[in-house]
Amino acid sequence: MGSARITPPRPVDVAALFPELAPLARPAIRLHPRPGSPSVSESSVGGPLLWPADEPWPHCDGPHPGTGVSAYPAEVRLERRRRARLRVDPRGPHYTPEERAIKARNDAAFTERLDAGLPQPAECPVPMLPVVQLYVRDIPLLRPPGEADLLQVLWCPYDHAPDNKPSTALFWRASASVGDVLTVPPDPYEADYPGYVPQPCRLVPEATIDYPHSLELTSPMQQALGDWSRWQAAGDAVDSSYAAYPAEFYDTELAVAPGWKAGGWAPWGRTDPYPLNCAVCEAQMVPLLTIASFEWDGGPGSWVPYEDQAAAATDHLAGQNPAQPTAVEVGSTDNLQLYVCPASAEHPHTDLIQ
Ligand SMILES: [Zn+2]
Ligand SMILES: [Zn+2]
């Protein structure tokens, strides 16, 4: 893991101001992914995974109708690599000899596919891409089954119904039981979007506390949050520009931490909240993981860790936004939420775009 990331304290202790919220506080862990070269024995976004060499790699059978705007993961990675290099050395070569060799390999593989007349890749079982692996030692709020101490999430980089999102697969495993590790997992030939190809990142987890989005609160609690006179007890700490809409201050600054996150409360807003119930036992499912398009909104907002504030405040080129370290984009720059059943890790998970 890299150096620490610390979120500035919230401008207001909302549970002190609204004691009725206190029982709803939920632990969350901001993952703070940052581009890097993690190993299989680290928690990471974008791989590599600690995957047993003798276990089949997950594939998705579709269907994959396609969006007509394919991206090629090998090309996406090469372009990101070039951009990162040119950011550091803007006067460097267009392609280094090594990058030219990668490009030649990619082009040769492309031509080989065409010449062989292989079926459209989306008609094949598609190898899934590593999205995240989390060791429980780093993310202690996870509740693994049995001896497991590692959660691995992969996705298929094509749009799937409903809501046009990658389809996800979850695996729990005991890391100590993994012998030989798969060194070169199969790579999908194609993805629907570059944003479905996660950039490898190290994680710098940070524990925080979430409160429910205001849309999830009872009507009396929503009314309490809308009462500006109650907020005034906090004095100057509450931004008075929110006087007409104090619930917006609550949602933006206090309730739900943005970005990649384990646990906590879910971001809502694309739709009104609705309960997600387990398909097996009907228990109300709980947020496991938020896969976010952005770590924070817009400019230097209050959720930007101290260590990133200088970078967040400067101009950046497309594809170099410090708020998008993973390069993942889902929905319309939304979040993909994974939910699990609190009763059993054996029950299937579900996901939701918000
Ligand atoms: Zn698929
Ligand atoms: Zn269940």
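## Close-up views of the predicted model

**View 1. Thr 333 is placed in the loop between helix H7 (309-313) and strand E13 (335-340).** Helices (H or I, at least four residues) and strands (E, at least two) are DSSP runs, numbered from the N terminus. This is a predicted model, in which local features need pLDDT of at least 70 and side-chain atom pairs count only at pLDDT 80 or more, while totals for chains, interfaces and linings use all residues. Residues are numbered from 1 along each chain as its sequence is written, chains are lettered from A and ligands numbered from 1 in the order in which they are written, and side-chain values use heavy atoms, with hydrogens and water left out. Thr 333 has a phi near 45°, a positive value in a residue other than glycine. With a relative accessible area of 41%, Thr 333 is partly exposed, a class that lies between buried (under 20%) and exposed (over 50%), as judged with a 1.4 Å probe on protein chains only.

**View 2. The zinc ion (ligand 1) is held by Cys 60, His 64, Cys 156 and His 160.** The two cysteines coordinate through SG and the two histidines through NE2, at 2.0 to 2.3 Å, where donors are N, O and S atoms within 2.8 Å of the metal (3.2 Å for Na, K and Ca). The angles among the 4 donor atoms run from 100 to 115°, and the site is tetrahedral, a label given to four donors if all angles lie between 85 and 135 degrees. Along the chain, the donors of this zinc ion (ligand 1) follow the spacing C-x3-H-x91-C-x3-H. Cys 60 belongs to strand E4 (residues 59-60) and His 160 to strand E7 (residues 150-160), so this pair ties together parts of the chain that are 100 residues apart in sequence. Cys 60 and His 160 are both buried.

**View 3. The zinc ion (ligand 2) has Cys 278, Cys 281, Cys 341 and His 347 as its protein donors.** The cysteines contribute their SG atoms and His 347 its ND1 atom, and these donors lie 2.1 to 2.3 Å from the ion. This site too is tetrahedral, with angles of 103 to 114° among its 4 donor atoms. The spacing of the donors of the zinc ion (ligand 2) along the chain is C-x2-C-x59-C-x5-H, and both Cys 341 and His 347 are buried.

**View 4. Helix H2 (residues 73-88) packs with helix H3 (residues 97-116).** Their axes are 10 Å apart and meet at an angle of about 165°, which makes H2 roughly antiparallel to H3, a term that covers angles over 145 degrees. On the side of H2, the contact is made by Ala 74, Glu 75, Leu 78, Arg 81, Arg 82 and Arg 85, and on the side of H3 by Glu 98, Glu 99, Ile 102, Lys 103, Asn 106 and Asp 107, contact meaning heavy atoms within 4.5 Å.

**View 5. Helix H6 (residues 246-255) is mostly covered, with 7 of its 10 residues buried.** The buried residues are Pro 246, Phe 249, Tyr 250, Asp 251, Glu 253, Leu 254 and Ala 255. They pack against H1, strand E10 (206-210), helix H4 (219-225) and helix H5 (228-231). Within helix H1 is Val 14, which is buried, with a relative accessible area of 3%. Leaving aside residues up to four places away in sequence, Val 14 touches Leu 21, Tyr 211, Trp 231, Tyr 250 and Leu 254. Val 14 and Ala 255 are 241 residues apart along the chain, yet their C-alpha atoms are separated by 8.6 Å.

**View 6. Pro 8 lies in the segment before helix H1 (14-17).** Pro 8 is buried, with a relative accessible area of 14%. Not counting residues up to four places away in sequence, Pro 8 touches Ser 302, Val 304, Pro 305, Tyr 306 and Gln 309. From Pro 8 to Asp 138 there are 130 residues in sequence and, C-alpha to C-alpha, 21 Å in space.

**View 7. Pro 48, Pro 63 and Asn 164 are loop residues.** Most residues other than glycine have a negative phi, and most peptide bonds are trans. Gly 47 and Pro 48 are joined by a cis peptide bond with omega about 5°, and Pro 48 is in the loop between strand E3 (44-45) and E4. A cis bond also leads from Gly 62 to Pro 63, with omega near 10°, and Pro 63 lies in the loop between E4 and H2. Asn 164, in the loop between E7 and strand E8 (165-173), has a positive phi of about 50° although it is not a glycine.

Notes. Four donors count as tetrahedral if all angles lie between 85 and 135 degrees; four count as square planar and six as octahedral if opposite donors are over 155 degrees apart and all others between 65 and 115; anything else is irregular. Axes are lines fitted to C-alpha atoms, for helices over the stretch in contact, and angles run from 0 to 180 degrees between N-to-C directions. Angles under 35 degrees count as roughly parallel, over 145 as roughly antiparallel, 65 to 115 as roughly perpendicular and the rest as oblique.
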